[in-house]
Amino acid sequence: MKNRIIIFILFLLPASVWAQDAPVTKGFWDDPINHPMAPFYALMALVVLVTVLVFIVAIMLLQVLNTFVERAAKEKAAALGIEYKPEPSWWQKLDRKLTNAIPLEKEATIELDHNYDGIKELDNHLPPWWKWLFYGTIAWSVVYLIVYHVTDSVPLQQQEYENEVAMAEEQLRKIRAAEPVAAIDEATLSYTADAALISKGAVVFKNNCVSCHKEKGEGSIGPNLTDEYWLHGGSIQNVFTVVKNGVPEKGMIAWNAILKPEEIRDVSFFIMSLKGTNPPNAKAPQGAVWKEEVKVEGVQADSVKAQASL
Ligand code: HEC
């Protein structure tokens, strides 16, 4: 009995989880004392408490009454000289109704003709509770089919997920739009040795890049970022683009999925500021020498591209 009550309570638990799906408004528990419904809830709680108490007292009285009735029946049986048989309790009756089990003493009537080493088989009924649950699932499947697949009145899981993603994206778009920062991209960016931005960039570098480019940018898994040799070009546009889009096939992450545009700018500025710092134990040069102002026959853009593709 105790176990069944515990299992029942466990079944109730998820209800509190579902309750949290409700839209987030200022709830009762944020400020219970000053909530307008507080007196009503307090009254309800009191009513529930009193009901429970009355219920407990009633059960106890009933038990006392039962003991008396039983004792009287026993005495009567003793006086008449017959054997006393206790009435089945309401729980036993309910159990019998729900399981439709054949009482022990009548089991011989449903015994099948199987006997394996003394283990016999009974032709018991399916328990009604189980049968009705099964019929219930069949009925439910019809409702489910109509609601989800015929009338399409409720979204399926996949659609639900997509709706939520769309909602989140819409929220993100609103937040982004509300941010005053102008769009930062390689097309409009130009490098200035802004100490504030560079020191912010140093923090970003320390948190994300040192594992491959080392503390001072001298390089280890990733190339040396302090020399004048560059794999993808050494202009602020080149550096910003590489950090933003990465070189995934070579192990350099596309940081735009992790860092904000301004963080990519700051860390790019920091890298630009490393030029010529000559840290000890620097990695051997990789790529080609980068010259900021390459003017071959006056076509700067093309040579920048040529450098970048090296
Ligand atoms: C998992 C290792 C790894 C991490 C972490 C990493 N990088 Fe790289 N990085 C590389 C590799 C490898 C390359 C060389 C790619 C190639 O060969 O094309 C590279 C290349 C670069 C380049 C181009 C260098 C050139 O010579 O053109 C820049 C700039 C750069 N990384 C900046 C960063 C920044 C900024 C961070 C931190 C936000 C970072 N990296 C984090 C591995 C890494």
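Author: A polar contact is a pair of N or O atoms within 3.5 Å. The model here is predicted.

Reader: OK. How far is the polar side-chain atom of His213 from a nitrogen atom of the ligand?

Author: The distance is 2.7 Å, so the pair falls within the 3.5 Å cut-off for a polar contact.

Reader: Which elements give two or more residues to the shell?

Author: Helix 8 (210-213), helix 9 (236-245) and helix 10 (261-273).

Reader: Which residues come nearest to the ligand?

Author: Cys209, Cys212, His213, His232 and Met252, out of 23 residues around the ligand.

Reader: What's the shell like by class?

Author: It has 16 nonpolar residues, six polar ones and one charged one.

Reader: Switching to the metal. What coordinates the iron atom?

Author: On the protein side, His213 through NE2 and Met252 through SD, at 2.0 to 2.2 Å.

Reader: What geometry does the iron site have?

Author: The site is octahedral, with six donor atoms and angles of 86 to 179 degrees among them. For six octahedral donors the ideal angles are 90 or 180 degrees.

Reader: Where do His213 and Met252 lie?

Author: His213 is in helix 8 and Met252 is in the loop between helix 9 and helix 10, so the pair ties together parts that are 39 residues apart in sequence.

Reader: Are those two buried or exposed?

Author: His213 and Met252 are both buried.

Conventions: Residues are numbered from 1 along each chain as its sequence is written. This is a predicted model: local features need pLDDT of at least 70, side-chain atom pairs count only at pLDDT 80 or more; totals for chains, interfaces and linings use all residues. Side-chain values use heavy atoms; hydrogens and water are left out. A residue is near a molecule or strand if one of its heavy atoms lies within 4 Å of it. A polar contact is a pair of N or O atoms within 3.5 Å; within protein, one must be able to donate a hydrogen and the other to accept it, and residues adjacent in sequence count only if both atoms are side-chain atoms. Helices (H or I, at least four residues) and strands (E, at least two) are DSSP runs, numbered from the N terminus. Ala, Val, Leu, Ile, Met, Phe, Trp, Tyr, Cys and Pro count as nonpolar, Asp, Glu, Lys and Arg as charged, and the others, Gly among them, as polar. Donors are N, O and S atoms within 2.8 Å of the metal (3.2 Å for Na, K and Ca); water is not among the atoms, so sites may look incomplete. Four donors count as tetrahedral if all angles lie between 85 and 135 degrees; four count as square planar and six as octahedral if opposite donors are over 155 degrees apart and all others between 65 and 115; anything else is irregular. Buried means under 20% relative accessible area, exposed over 50%, partly exposed in between (1.4 Å probe, protein chains only).
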